[in-house]
Amino acid sequence: MNGSKSPGLAGFGVLKNTTCHTEKKISVFFSIIFMTVGILSNSLAIVILMKAYQRFRQKSKASFLLLASGLVVTDLFGHLINGAIAVFVYASDKDWIRFNQSNILCSVFGICMVFFGLCPLFLGSVMAVERCIGVTKPIFHSTKMTSRHVKMMLTMVCLFAVLIALLPILRFRAYQIQASRTWCFYKTEHVEDWEDRFYLLLFSCLGFLALAISFLCNAVTGITLLRVKFKSQQRQGRSHHFEMIIQLLAIMCVSCICWSPFLVTMARIGINEGGSKETCETILFALRMATWNQILDPWVYILLRKAVLKNLYKITSGCCGVQVINLHMWELSSIKNSLKVAAISESPGSSKQINLQPLTSVGQ
């Protein structure tokens, strides 16, 4: 009405002179390969989790597997949607003026970046809370944490992430084309308005809060399991918890390593002016670190499984000798072994008591 440029064109005009020169080295083929690896990895993890969910549908592990499946599905769609948009931008030679006249594509890209960034972090913290309740309050978990309740939790987490992603649109604040002209996000250059700072700080605080909840709950869960292991000789029904807590710890470590640079960078830009010359390169490095999280997450479920851990244990024991075998490090994740020990211990006067000696030595 007043003759000003549209939000997309105005953002492009500001960023035209501040484009990162390092981005020119990345081709569209790299984006395609990156997206393909992420899609294949998450698809394989979904198949593994679905098969495991069918086996443990009526057990305490079912809720964890359902949440894990939601996390991997979110990562899959994150690669599929964000990757497709990024490939289109690269293929169009990053000419936003030609295909983003109304700023719709940039808005969709920004919403997807925020949603698929926060949602996996939220789901990781929910998984940690679920395991903490399952270990510390098993009766409450078995009665309240049903599949219906878990699905409600998944829906609430996704809706909350969608609300955070749509918040700038609801406030009539358009997402901005970033200096590299390859993606859209909150305003990160010449941040002067309090609302722009608020969005950056909100994204960072929610991400750090999710990581903090994951760390606290995993710590409580791990301590509880160790106390049960050393104070009680009854391991029945407990060994599968170790497999899940190992996966949760791996997810937490991957998320912290991959997301911390991006969250810290966004928080620093929100607190400071964000107009330094190093901001563009720093954001690009942090963004590439964050995108690795969606590729590494599914490999946690692909590699850290009972069958894979047993094979790794056999290889390690073969290389290191009898001393490693006596430690029985990987036996904690085997439900079958726990049931076998319980069955043998109940048989009176059996000569198989000899086989229990290495196992009972672990608990001493």
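1. The largest pocket holds about 610 Å³ of space. It is lined by 29 residues, and F34, A86, L287, R288 and T291 sit closest to its centre. Bear in mind that this is a predicted model.

2. Who builds that lining? Helices α2 (28-55), α3, α5, α9 (239-271) and α10 (279-291) each put in at least two residues. The top contributor to the lining is α3, with six.

3. On to the packing. The largest nonpolar core counts 78 residues, and V114, M127, W183, F185, Y186, F203 and F262 have the most contacts inside it. Helix α5 gives the most to this core, 15 residues. Worth a click is F262: leaving out residues up to four places away in sequence, F262 touches W183, F185, F203, A286, L287 and A290. One of those partners, L287, is also among the residues closest to the centre of the largest pocket.

4. Now look at α7, residues 147-170. Its 24 residues reach 33 Å from first C-alpha to last, close to the 34 Å expected at 1.5 Å a residue. Even so, α7 has a kink of about 30° at I164, shortly before the proline P168. Just after the helix, F172 takes a positive phi of about 60°.

5. Which residues of α7 are buried? They are V150, L154, V157, A161, I164, A165 and P168. An α-helix has 3.6 residues a turn, so residues three or four places apart point the same way. The buried residues of α7 pack against α3 (61-91), α5 (104-136) and α8 (194-231). Note that I164, where the kink lies, is one of the buried residues, as is P168.

Methods:
Residues are numbered from 1 along each chain as its sequence is written. This is a predicted model: local features need pLDDT of at least 70, side-chain atom pairs count only at pLDDT 80 or more; totals for chains, interfaces and linings use all residues. Side-chain values use heavy atoms; hydrogens and water are left out. Helices (H or I, at least four residues) and strands (E, at least two) are DSSP runs, numbered from the N terminus. The expected span of a helix is 1.5 Å times one less than its number of residues. The bend at a residue is the angle between axes fitted to the seven residues ending there and the seven starting there. Buried means under 20% relative accessible area, exposed over 50%, partly exposed in between (1.4 Å probe, protein chains only). Contact means heavy atoms within 4.5 Å. A nonpolar core is a set of buried Ala, Val, Leu, Ile, Met, Phe, Trp, Tyr and Cys residues joined through side-chain atoms within 4.5 Å. On a 1 Å grid over the protein atoms alone, a cavity is a set of points where a 1.4 Å probe fits but cannot get out, and a pocket is an open set with protein on both sides within 12 Å along at least five of seven lines; lining residues have an atom within 4 Å of a point. Grid points are joined across faces, edges and corners, and a volume is the space filled by probe spheres set on the points.
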